[in-house]
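Please read the following points beside the sequence and the model.

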Amino acid sequence: MILPPDQKPAYFAAFKMIVMDWILEPWPWYVGGPLIAGILFLLLFGGKTFGMSSNLETMCAMGGAGKRIDYFAFDWRTKRWNLIVVAGAVIGGFLAANFLSGDTSVDIAPETVDTLRTLGFESAGEAYLPDELFANGAFTDPKSLAILLVGGILIGFGARYAGGCTSGHAITGLSNLQLPSLIAVVGFFLGGLIMVHLMFPLIF
Amino acid sequence: MKYLNFLIIGVIFGIVMFKSEAASWFRIYEMFQFQSFHMYGIMGSALSLGIVGTWLIKKYKLKSFDGEPIKFNPKTKSFSRYMYGGILFGLGWALAGSCPGPIYTLIGAGYLPILVTLLGALIGTYIYGLLRHKLPH
């Protein structure tokens, strides 16, 4: 379409506004999911595999854990590319939160908000993460600290025991139709359901 | 130059994790309550495309950007390590509300208490390395 020269800036401004609005809004699943598949393929064509939890192992090796434990006795430099992906993920989180977002509150289902409020999560539906666990006040609250730490220990131990996490098993492994990844993903969901339905009422 | 490519992939990954809300504790909780399609949509669409793409790569023996064959590392056969490890991971995933990728994204987004979860994940990894030979695999 050929526009009269004097109208071009107006059309351009309108286009830019629509695109910016679209970027600033939370992205729907049908944008997020395909982009994640894109990451998987970029890494495969880069000669690597998509797996974030192996970085935890690399970081332990970097810290010298290989001197005492054979599991960490490998040359962490060969995994440097993945640590760079980690650095990118930190930068990406910074950019997304500070420059690519309007309101970051997560629009979860109304019944989820109700359940969370009865558990004491007042920020449900009004924040990106629950203030009770992720506002800076958490650093001085022993219960929040314990939850974050124990959650982390289970994530690290479980991911390495299972040989991968959501990216390595649920995306990479299942994409390759590997039975071990299916078993692991069933385990992920069993664990998550036990936590949310049986343990949350005891913890919160 | 090669590292710059990985940095860019990481930046895209971090932005996608944050913007798709896969890094939100609330979305993980909602998923385990089966009260929204959002997370299932993300994983389902990523996986569907992943299956098709992986199949195409194998069928046409596609090469990497460097011209090398693309290799898939098959996981060793076992039940117990994947099931037990998976359940423990799932417990942590639901409790802390994030998996290893989003942890880094949230650090960048400025939610600093997640550093405690990262510390925990490193401790957990270390404990696994320590106990590995005593665990059923």
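How many residues does the contact take from chain A and from chain B?

1. The model is a predicted one, and in it the contact takes 109 residues from chain A and 101 residues from chain B. On the side of chain A that touches chain B, the elements giving two or more residues include helix 2 (29-45), helix 4 (80-99), helix 7 (142-162) and helix 9 (179-203) of chain A. Helix 7 of chain A provides the largest share of that side, with 18 residues.

2. Sorted by class, the side of chain A that touches chain B comprises 78 nonpolar, 28 polar and three charged residues.

3. As for chain B itself, six helices and zero strands are assigned, and the sequence accordingly reads α-α-α-α-α-α. The C-alpha trace of chain B spans about 45 × 40 × 35 Å along its principal axes.

4. Of the 137 residues in chain B, 56% are buried. Where contacts in chain B join residues at least 6 apart in sequence, 47% of them link residues at least 24 apart.

5. The unreviewed UniProt entry lists residues 38-57, 82-104 and 110-131 of chain B under "transmembrane region". In the model, residues 38-57 of chain B are 100% helix and 0% strand, with the end C-alpha atoms 28 Å apart. For residues 82-104 of chain B the figures are 87% helix and 0% strand, and there the end C-alpha atoms lie 24 Å apart.

Key:
Residues are numbered from 1 along each chain as its sequence is written. Chains are lettered from A and ligands numbered from 1 in the order in which they are written. This is a predicted model: local features need pLDDT of at least 70, side-chain atom pairs count only at pLDDT 80 or more; totals for chains, interfaces and linings use all residues. UniProt positions are given in the numbering used here, feature names are shortened, and annotations may be inferred rather than shown by experiment. Helices (H or I, at least four residues) and strands (E, at least two) are DSSP runs, numbered from the N terminus. A residue is buried if 20 or more other C-beta atoms lie within 10 Å of its own, exposed if 12 or fewer, and partly exposed in between; C-beta atoms are placed from the backbone. Two residues are in contact if their C-beta atoms, placed from the backbone, lie within 7 Å. Ala, Val, Leu, Ile, Met, Phe, Trp, Tyr, Cys and Pro count as nonpolar, Asp, Glu, Lys and Arg as charged, and the others, Gly among them, as polar.
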